[in-house]
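Here is a briefing on selected strands, helices and charged pairs. Please keep the model open while reading.

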Amino acid sequence: MAATGNEGETLLPDIEEEEEAEEMEREMESEDEEGMGVENSDEDDEGDTSEDERENEAEIQRLEEQLSINAFDYNCHVDLIKLLRQEGKLHRLRKARQKMSELFPLTEEIWLDWLKDEIGLIEGEEAEREKLYELFEKAVKDYICPDIWLEYAQYSIGGMGAPGGIDRVRAIFERALTAVGLHMTKGAALWEAYREFEIAILSTLQPPPGGVASPEQQEQLNAQLERIHTLFRRQLAIPLMDMEGTFAEYSDWTDEGVSEVVTQHYKRSLQQLEKRRLHEEALLMAEPPKLAEYQGYIDYEMKEGDPARVQIIFERALAENCLVPDLWAKYTTYLDRQLKIKELVLSCHERAVRNCPWTMGLWKSYILALERHGAEHHIVSDVFEKALNAGFIQATDYVEIWQSYLDYLRRRVDFSKEGSRELEELRAAFTRCLDYLKQDVEERFSESGDLSCTIMQIWARIEALHCKNMQKARELWDNIMTKGNAKYANMWLEYYNLERSYGDAVHCRKALHRAVQCTSDYPEHVCEVLLTFERVEGSLEDWDAAVQKTESRLNRVNEQRVKAAEKEAQLARHEEERAEQRRKAKAEKKAQKKSQKTNRTGDKRKAEDDGEDEWGEETELAHKRHRGEGDVIPAALEEQMETESSLFGRRAPPRKTEPPATRRNQQAVPESSSMVRKTLDTTPDQRRDSNTVFVSNLAFNLEEPEGKLKAVFGTCGNILEVRPVFTTKGAFRGYCYVQFEDELATQKALKLDRQEVDGRPMFVSPCVDKSKNPEFKVFKYNTSMEKHKIFISGLPFTCTTEKLEELCKEHGTVKAVRLVTNRSGRSKGLAYVEFENEEQASQAVLKMDRMKIENYTLSVAISNPPARKTEVGPAASRVLGAMMPRQLQGTRGKGRTQVSLLPRSLHRQNAPEAKAENGTATKQQHGMTDGQELDTGTKSLSNEDFARMLLKK
């Protein structure tokens with residue numbers, strides 16, 4: 001939208017001169033400081049400030065130069081405006097905003113900043129207020145934004161004292177209600193502002209206390225009261241959020257009581273609100289840009305069929321998805337087919353092409369809409385010229401937009417009048433189109449986008465059909481054939497049909513003979529058309545000539561096809577030979593590598609046999625110590641520890657075997673052994689899970705965990721024992737088991753969950769053997785939408801449950817508040833708040849979302865926890881792993897790499913039950929292990945046996 005001339009005028013003409021004077025003063029002050037060498041801290045701060053200003057000025061100049069090169073850089077415009085506003089350069093800021101508004105529609109945030117800046121500059125003169133009114137009019141045309149309309153209406157109230165000021169305010173409010181009064185979440189604010197304005201006027205019409213109103217005053221008073229009643233009735237007839245509060249306010253305000261008709265309209269609106277509540281809640285919970293949710297909402301409103309509601313939901317969606325061409329196309333199509341209101345339709349088309357100028361379909365629809373509503377020719381031409389400069393992304397887009405414009409020009413021509421101005425304009429447009437596609441488009445995309453010369457075909461048909469000018473049509477078709485289309489049969493048949501319809505038999509025959517000679521894709525079809533034509537139109541000589549020409553042409557075509565087939569077969573044979581050579585070379589290379597690998601393996605086996613005696617004694621000794629009494633933890637105790645840990649579904653970690661040299665010098669750790677034995681004094685038969693709780697999240701450095709936990713749980717009942725779990729070195733693992741005499745004490749103990757012990761919240765949960773109950777879960781969370789509960793994120797980390805409850809009480813009855821904390825008890829900034837009903841929760845979302853607390857911005861939505869994924873594989877493996885026997889180890893202990901030393905060539909593909917486990921083999925695999933004999937008495941194989949087996953492969 002082009003800016004008018006008076007919009008470029010300044011509200012304060014001396015701003016630029018004042019800025020220049022200030023800059024000169026700053027430069028003089030900086031020079032004086034440098035000359036005097038002042039070291040005062042205040043002056044240093046001023047120097048830093050001037051340095052920042054110089055950097056900002058350099059950045060501003062860079063952005064302005066970049067915009068002079070590419071005026072359509074949207075982000076560059078935004079950065080320049082932000083920097084100019086920060087520096088307070090108001091005159092340049094105003095110009096930057098005006099330039100951007102000419103090219104792009106401005107967002108709601110940019111418009112509000114601009115309007116507020118201009119409001120702060122005016123001095124109350126009527127001329128300045130009129131300029132601001134013009135700026136507001138531009139703002140409300142870009143997007144349908146309730147906040148901008150509200151700002152416009154509130155600003156207009158300041159001019160109500162001028163002649164006709166009250167009527168102007170009412171007119172602006174009425175336009176605002178028409179535009180956004182149906183907005184379900186923000187429309188109520190406009191209704192309330194309008195109502196408050198009328199109530200304020202009512203207060204000025206009231207007679208003073210003790211006075212009596214004259215008949216004229218009473219009439220004005222009654223008229224004003226009726227206006228307020230009408231506003232209440234109109235608002236209650238529209239489904240808006242917080243309608244209940246408006247109805248209650250009306251009931252309190254009116255002395256006559258709410259009429260039955262108003263009550264019925266109110267109930268009907270409530271029903272409509274309930275139908276749309278799901279869509280509104282989906283928009284509240286969704287993350288921007290919420291396109292899918294808006295699409296569903298639009299489809300619902302279009303199905304309902306209320307044009308005003310369809311329009312407002314489209315506008316709401318476009319405010320957040322202004323760069324989605326499909327959404328604009330859907331909206332403009334709806335307006336073109338349903339509403340058909342000229343101002344509304346053309347305004348929407350204009351906004352669509354300003355938001356998505358790169359989309360050819362929107363420009364095409366805009367030109368059609370202008371023609372449909374009888375726009376003047378120069379307006380259509382201007383829009384077309386803007387479309388050519390929009391920068392489409394493919395060459396075919398330019399062909400289509402030219403076709404649309406040429407169609408428009410053709411419909412303007414009255415072909416009954418020869419040599420009309422419109423006809424000459426049409427021919428000039430065709431000529432310009434061909435030149436534009438050949439020069440501009442082909443230079444940019446390396447192609448014209450019109451390979452089949454559709455534009456020229458249309459021109460030729462218009463000349464033949466409407467203008468009876470076959471000579472011009474034949475010239476155009478000759479030009480078409482010279483552009484590489486002569487080899488296609490369909491192009492010749494198109495020309496033949498044109499001649500058949502508007503030409504003569506001579507030119508038809510000539511066209512078909514040329515087609516037979518030039519066509520390469522379907523020559524048989526062209527020959528058949530020629531023979532059919534001669535059967536109907538030609539003489540015997542014409543028939544003989546056609547037969548002779550078609551036979552010679554088809555013979556040449558067949559010879560060419562045979563040669564092409566032979567060449568293709570030869571190429572296929574060569575390709576097969578090359579593939580066979582590659583396969584042979586690959587097989588030879590593979591065999592060579594295999595022989596080299598066999599030689600290296602034999603040398604390696606020999607070296608291992610030489611060193612066997614050296615390592616044999618030591619490894620055998622290590623194997624004996626593996627099950628001896630020199631271990632820190634005996635096997636029986638280790639097995640009991642595994643049973644203990646399985647109570648909570650965890651397996652004890654596998655024991656690490658020390659190297660032989662380290663094992664020989666290692667000292668026993670009697671203290672840790674005594675701790676473990678003390679922990680495991682109770683046998684599994686004596687333990688009762690129903691009387692036991694599992695306590696976790698304790699500090700690893702907790703001193704005397706047994707004594708401290710007895711003190712904590714002593715109030716719950718009689719404690720039989722506390723079993724802390726330690727590592728093999730005696731370090732506390734951070735969890736333990738507390739066993740009581742009866743189940744009643746256990747239930748009391750579970751209520752101590754999250755109580756702090758040494759500054760950390762301890763987790764108390766039932767003791768359940770997960771090997772027997774793998775599906776048991778301590779915490780069960782709801783995975784469906786909880787409409788009476790809200791989820792709050794972005795809370796300050798210092799926020800407590802009490803503070804949050806006080807904050808939420810303003811919006812309804814709070815039943816529960818849960819702060820989400822980490823394992824150390826520190827808040828994560830998240831919380832769940834449960835209200836008494838769904839309405840209170842929805843109201844809290846509307847009022848609290850984007851609220852700021854201690855410089856933290858809250859994000860509030862209806863609670864909708866994601867579905868929990870069920871871990872099938874890992875869970876099953878843990879349960880099965882708890883029941884698996886301890887892995888057998890070889891004579892050398894547990895290998896560092898845990899990689900099987902059995903060569904891959906000796907692996908057998910057996911059934912799953914005979915599969916090797918971590919380098920060991922079962923009885924079906926020749927009955928061997930990694931150097932350890934099984935109970936079956938099968939002898940283990942030596943390195944020489946492996947070498948012999950390898951050589952047999």
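In E3, Tyr737 is the bridge partner of Arg723. The model is predicted. Strand E2 and strand E3 (residues 732-740) pair in the antiparallel sense, over six bridges.

**Sheet with E2 and E3**

- The sheet is open and has four strands in the order E2-E3-E1-E6, with antiparallel pairing.
- Strand E2 (719-726) and strand E6 (763-766) are the edge strands; each has a single partner strand, so one side of each lacks a neighbour in the sheet.
- On average, neighbouring strands here are turned by 25° against each other, direction ignored.
- Helix H31 (residues 705-713) lies across strand E1 (692-696), E2, E3 and E6. H31 runs at about 140° to E2.

**Sheet with E7 and E9**

- Four strands form this open sheet, in the order E8-E9-E7-E12, and the pairing is antiparallel.
- Strand E8 (814-821) and strand E12 (859-863) stand at the edges, each with a single partner strand, so one side of each is left without a neighbour in the sheet.
- Neighbouring strands are turned by 20° against each other on average, direction ignored.
- Strand E7 (residues 786-793) and strand E9 (residues 827-835) run antiparallel and are joined by five bridges.
- Phe791 has Tyr832 in E9 as its bridge partner.
- Helix H33 (residues 801-808) lies across E7, E8 and E9, at about 140° to E8.
- Helix H34 (residues 838-848) lies across E7, E9 and E12, at about 25° to E7.

**Helix pair H3 and H4**

- Helix H3 (residues 74-87) packs with helix H4 (residues 90-103) at an angle of about 160°, and their axes are 9 Å apart.
- H3 is therefore roughly antiparallel to H4, since angles over 145 degrees count as such.
- The crossing of H3 past H4 is left-handed.
- On the H3 side, the contact residues are Tyr74, His77, Val78, Leu80, Ile81, Leu84 and Arg85. They meet Arg92, Leu93, Ala96, Arg97, Met100 and Leu103 in H4.
- By class, this contact has nine nonpolar, one polar and three charged residues.

**Salt bridges**

- Side chains of opposite charge can pair when their charged atoms come close.
- The whole structure holds 45 salt bridges.
- Asp117 forms a salt bridge with Arg97, with the closest N and O atoms 2.9 Å apart.
- This pair links distant parts of the chain, 20 residues apart: Asp117 lies in helix H5 (residues 108-121) and Arg97 in helix H4.
- Arg97 also belongs to the H4 residues that meet H3.

Key: Residues are numbered from 1 along each chain as its sequence is written. This is a predicted model: local features need pLDDT of at least 70, side-chain atom pairs count only at pLDDT 80 or more; totals for chains, interfaces and linings use all residues. Side-chain values use heavy atoms; hydrogens and water are left out. Two strands pair if DSSP finds at least two bridges between them. Helices (H or I, at least four residues) and strands (E, at least two) are DSSP runs, numbered from the N terminus. Axes are lines fitted to C-alpha atoms, for helices over the stretch in contact, and angles run from 0 to 180 degrees between N-to-C directions. Contact means heavy atoms within 4.5 Å. Angles under 35 degrees count as roughly parallel, over 145 as roughly antiparallel, 65 to 115 as roughly perpendicular and the rest as oblique. A crossing is left-handed if the near helix is turned anticlockwise from the far one by less than a right angle, and right-handed if clockwise. Ala, Val, Leu, Ile, Met, Phe, Trp, Tyr, Cys and Pro count as nonpolar, Asp, Glu, Lys and Arg as charged, and the others, Gly among them, as polar. A salt bridge is a side-chain nitrogen of Lys or Arg within 4 Å of a carboxyl oxygen of Asp or Glu.
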